[in-house]
Amino acid sequence: MTYDSDNIFARILRGEIPCTRVYENEYALAFEDINPLAPVHVLVIPKAAYVSHADFAARASDAEIAGFTRAVGEVAKIRGLDETGYRTVANHGADARQDVLHYHVHVLGGHNLGVMITAR
Ligand code: AMP
């Protein structure tokens, strides 16, 4: 998979497309998913260009990985999911039906999510 700097999340990071921001730190931005699959559905993306989890895990600095991971935790806290529970999902590649080729983690919660997230 190659990174396309015109992908929709890159455009959100450049401010070319609006988003509903939930949280931001030096390394990550979190915003509402435009097509929520649960009462809480937030996407967390690194601010630098990584196509997928594999790319991020291989190339990101320790500081980026820490900042990104903490951002996921902050989102859950901000949206009140710490007590009730939540699910994080990162789709990688065709079999997972990754649609947007900029690494992102879905944070889902706000009701009982069942045993596993369903495919669309
Ligand atoms: P994935 O299938 O893991 O690549 O998920 C991509 C997610 O991005 C989907 O849940 C979409 O609803 C979401 N999405 C696409 N465009 C936007 C946008 N402009 N703002 C917020 N979320 C978006």
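How many residues lie between strand 1 and strand 2 in their hairpin? Three. That hairpin is where I start today.

Some ground rules. This is a predicted model, so local features need pLDDT of at least 70, side-chain atom pairs count only at pLDDT 80 or more, and totals for chains, interfaces and linings use all residues. Residues are numbered from 1 along each chain as its sequence is written, and side-chain values use heavy atoms, with hydrogens and water left out.

First, the sheet. Helices (H or I, at least four residues) and strands (E, at least two) are DSSP runs, numbered from the N terminus. Two strands pair if DSSP finds at least two bridges between them.

Strand 1 and strand 2 are antiparallel and joined by three bridges. Y23 has A30 in strand 2 as its bridge partner. Next, five bridges link strand 2 to strand 3, again antiparallel. There, L29 stands opposite I45 in strand 3. Then strand 3 (residues 40-46) meets strand 5 (residues 105-109), antiparallel, through five bridges. L43 faces H106 in strand 5.

How covered is strand 2? Mostly: four of its five residues are buried. Buried means under 20% relative accessible area, exposed over 50%, and partly exposed in between, with a 1.4 Å probe and protein chains only.

What lies across these strands?

N25 sits between strand 1 and strand 2. N25 is buried, with a relative accessible area of 17%. Its side chain reaches the backbone nitrogen of Y27 at 2.9 Å. Leaving aside neighbours within four places in sequence, N25 is in contact with K47, G67 and A71. Contact means heavy atoms within 4.5 Å. N25 and K47 are 22 residues apart along the chain, and their C-alpha atoms are separated by 9.2 Å.

On to the aromatics. There are five aromatic pairs in the structure. Rings of Phe, Tyr and Trp (its six-membered ring) pair if their centres lie within 6.5 Å; planes under 30 degrees apart count as stacked, over 60 as edge-to-face and the rest as tilted. Take F9 and F31: the ring centres are 5.4 Å apart and the planes at 75°, so this pair is edge-to-face. F9 is in helix 1 (residues 8-13) and F31 in strand 2 (residues 28-32), so the pair ties together parts that are 22 residues apart in sequence. Both F9 and F31 are buried. Elsewhere, Y50, F56, F68 and Y103 form one aromatic cluster.

A quick stop at D55, in helix 2 (residues 53-59). D55 is buried, at 17% relative accessible area. Its side chain makes a polar contact with the side chain of R59, at 2.7 Å. A polar contact is a pair of N or O atoms within 3.5 Å; within protein, one must be able to donate a hydrogen and the other to accept it, and residues adjacent in sequence count only if both atoms are side-chain atoms. Not counting residues up to four places away in sequence, D55 touches A49, Y50 and A60.

Last, the ligand. A ligand oxygen is 2.5 Å from an N or O atom in the side chain of D33. A ligand nitrogen is 3.1 Å from a polar backbone atom of I34. And a ligand oxygen is 2.8 Å from an N or O atom in the side chain of N91.

N91 belongs to the loop between strand 4 and strand 5. N91 is partly exposed, with a relative accessible area of 22%. Not counting residues up to four places away in sequence, N91 touches A96, Q98 and H106.
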